[in-house]
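Please read them with the structure open.

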Amino acid sequence: MGSTAATSPGSLLIANARIATMLGGSPYGLVENGAVLVADGNIAWVGPMREAPGAHRQIDAEGRLLTPGLIDCHTHLVYAGDRAHEFELRLKGVSYSDIAKAGGGILSTVRATRAASESDLLSSSMPRLDRLLAEGVTTVEIKSGYGLDVETELKMLRVARTLGRQRPVDIRTTFLGAHAFPPEFKENRSAYVRLVCQEALPSAVKEGLVDAVDAFCETIAFSLDETAEIFKAALAHNIPVKLHAEQLSNMGGAKLAARYGAISCDHLEYLDDSGVAALTAASTVAVLLPGAFYYLREKQLPPVAELRRQGVPIALATDLNPGSSPVHSLLTIMNMGCVLFGLTAEESVRAVTVNAARALRLEDRGDIAPGRKADLVLWDLEAPGHLAYALGFNPHHRTFKAGRELSQ
Ligand code: NIG
Ligand code: FE
């Protein structure tokens, strides 16, 4: 299989690597002393070094660990302003919900984001994305949801897409018009749901800016019925749905999302056993967000043992946002997934590769196999589980994005 790929101009052999393919029955699908052949942006061959085909060019990994590019499958990294003052308020005992009810929280970021120009939004968001890329992230999901009007929701999604053109990363954009009720619709919720379904979403779809639709289903946000309206509108455009569900209370959002075939349900601290069963039946990915759990000092742990027992794929993400999770490090999140939520190190690696790809319905990445996109990362580490071990230490060596080697 390697022969045509090997001779194709620009083919590259990454030689002498310890490869975590994330495939097969063995831990991490490890290939010791292995090699990967990359051609035309894709993986053409993977196997032991002694069987490696020739290539146009070769890079010696010198025994380093090679993993799939990391995937951050849930972020809100396009926003203006910050919420540092709310962090201080929370340290003094004011709750996230109380801040939201008083018009702060998400709405305070909405005010700043509406006021920002598209270019200011782009330049303030870029350094956040760069922090992620510096840790071997090659695919990032970014949500709207700090506009809550047609114009600003579209502005956010455009900025997210522009980030993907200006940096070597794939950006998936999620429409989150149903993140909060804007002040001008506080007394007329149904009119806002109509605006989202009949104006904002269709305009964003028309511009080709929507890969998925999300909502925040919570007592302080959208009800089950309102969420169902949003989902119906999404499916009418053939766009898959996901949901912020069971973060602060058990509303049954996950069951609702599963009924609509959600690709992921995210947060899930308050998910009960029947909610887990609903996710299993719908093959929905559970995206856990320990950054928000940590920052909000939550006590309720997501039902990891039950998710495991029922075979629900678990992903982890930064949830990078200015309020509940100003976390710019997916490696830190992997550590938190282990220490706070009880994942194994291997589960944490799977959670930011294979399962994060599933949470975005991306079938061409997340593991290392022929035919997959050549999003690959070399680490100054001996074993993949060590990715979750240290805090504040970045073992990243170099990234290959669609086979292209990025400068270090
Ligand atoms: O995922 N839960 C709702 N949305 C975000 C928080 C957004 C914010 O506080 O600005 C989250 O945690
Ligand atoms: Fe979120």
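1. Asp40 is exposed, at 68% relative accessibility, where exposed stands for over 50% relative accessible area, buried for under 20% and partly exposed for what lies in between, with a 1.4 Å probe and protein chains only. Asp40 sits in the loop between strand 2 (30–39) and strand 3 (42–48), and although Asp40 is not a glycine, its phi is positive, at about 55°. Helices (H or I, at least four residues) and strands (E, at least two) are DSSP runs numbered from the N terminus.

2. As to provenance, this is a predicted model, in which local features need pLDDT of at least 70 and side-chain atom pairs count only at pLDDT 80 or more, while totals for chains, interfaces and linings use all residues. Residues are numbered from 1 along each chain as its sequence is written, chains are lettered from A and ligands numbered from 1 in the order in which they are written, and side-chain values use heavy atoms, with hydrogens and water left out.

3. Asp319 is another non-glycine residue with a positive phi, here about 60°, and it belongs to the loop between strand 13 (314–316) and helix 13 (330–339). Asp319 is buried, with a relative accessible area of 1%.

4. Asp319 is also among the residues that His267 touches, the others being His244, Ala245, Gln247, Val287, Leu288, Leu289, Ala292 and Pro302, when residues up to four places away in sequence are not counted; contact means heavy atoms within 4.5 Å. His267 lies in strand 11 (residues 264–267) and counts as buried at 1% relative accessibility.

5. Glu269 is found in the loop between strand 11 and helix 10 (273–282), and at 2% relative accessibility it is buried. Its contacts, leaving aside neighbours within four places in sequence, are Glu246, Gln247, Leu289, Phe293, Gln300, Leu301, Pro302, Pro303 and Phe341. Glu269 and Phe341 are 72 residues apart in sequence, yet their C-alpha atoms are 9.9 Å apart in space.

6. What is the crossing angle of helix 5 and helix 6? The axes of helix 5 (residues 118–133) and helix 6 (residues 150–166) come within 10 Å and cross at roughly 50°, the axes being lines fitted to C-alpha atoms over the stretch in contact, with angles from 0 to 180 degrees between N-to-C directions. The two helices are therefore oblique to each other, a class left over once angles under 35 degrees are called roughly parallel, over 145 roughly antiparallel and 65 to 115 roughly perpendicular. The contact involves residues including Leu121, Leu122 and Met126 of helix 5 and Met156, Val159 and Leu163 of helix 6.

7. Helix 6 also approaches helix 7 (residues 189–206), their axes coming within 9 Å and crossing at roughly 35°. Here Val150, Leu154 and Leu157 of helix 6 meet Leu195, Glu199, Ala200, Ser203 and Ala204 of helix 7.

8. On cysteines, a search of the whole structure finds zero disulfides, a disulfide being a pair of cysteine sulfur atoms within 2.5 Å. Cys73 takes part in none, and the nearest cysteine sulfur, that of Cys265, is 12 Å away. For Cys265, the closest cysteine sulfur is in Cys217, at 9.4 Å, which is too far for a bond. Cys73 is buried at 0% relative accessibility, and Cys265 is likewise buried, with a relative accessible area of 0%.
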